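Please study the sequence and the structure shown here. The questions that follow take up one topic at a time.

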2 protein chains.
Amino acid sequence: MRVTVGDVIAVGPGKIALLEALDETGSITAAAKSLDMSYRRAWLLIDELNRTLKEPAVATAAGGAKGGGSALTETGRALVGLYRQIEATALQACKPEIRQLMKLLAS
Amino acid sequence: MRVTVGDVIAVGPGKIALLEALDETGSITAAAKSLDMSYRRAWLLIDELNRTLKEPAVATAAGGAKGGGSALTETGRALVGLYRQIEATALQACKPEIRQLMKLLAS
């Protein structure tokens with residue numbers, strides 16, 4: 001599922017996977033690495049997402065010896081939860097049609 | 001909704017919109033134009049789609065004075081129908097969660 005705002009994909013599978021990786025790893029650097037993505041791209045995706053939302057999805061603590069690390073906010077957690085719930089509900093509701101569509105595909 | 005096969009998006013909103021435009025206009029040229037897409041891109045998308053499916057979604061009649069024009073096959077029609085049906089069913093099934101997710105977005 002993708003949520004577009006104008007021409008921009010506000011929420012899609014890439015951003016959700018990134019939030020989940022961030023939640024697991026506790027840093028943008030590690031999250032990006034686990035998704036084989038550059039730090040710059042991960043940072044830009046998170047920045048874009050934060051701007052699209054009323055409240056940011058990710059909070060980054062400043063400073064400290066190792067840098068502050070990043071974490072999902074309440075909004076970030078709600079977004080991931082709703083997204084995965086919508087996917088599961090949609091898949092369940094559309095099982096017969098999805099099965100029929102898959103039958104049209106080769107192999 | 002997108003259906004991916006490996007890393008390739010086999011079926012997604014772009015290809016479905018193209019099939020619908022082709023059904024309305026009867027030619028790849030006119031369909032491409034109506035979507036503000038180059039003929040080459042439209043042709044490549046249709047070719048890719050046809051290769052992904054057991055049976056092609058689009059049939060192009062060869063020759064004739066104006067060229068033969070193109071039309072959806074039975075498979076093409078089934079694909080568009082199932083895709084739009086899945087979208088509608090999914091949207092209906094997930095209305096409360098989608099409404100909650102939308103509330104997280106700015107503006």
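Two residues are in contact if their C-beta atoms, placed from the backbone, lie within 7 Å. This is a predicted model, in which local features need pLDDT of at least 70, side-chain atom pairs count only at pLDDT 80 or more, and totals for chains, interfaces and linings use all residues. Residues are numbered from 1 along each chain as its sequence is written, and chains are lettered from A in the order in which they are written.

Q: What pLDDT does chain A average?
A: The pLDDT is the predictor's confidence in each residue, from 0 to 100. In chain A, 89% of the residues score at least 70, and the average is 89.

Q: How many residues of chain B are in contact with chain A?
A: Chain A contributes 24 residues to these contacts. The number in chain B is 24.

Q: Which element gives the largest share of the side of chain A that touches chain B?
A: Helices (H or I, at least four residues) and strands (E, at least two) are DSSP runs, numbered from the N terminus. In chain A, β1 (3-5), α4 and α5 (95-104) each give two or more residues to this side. The largest share, 10 residues, comes from α4(A).
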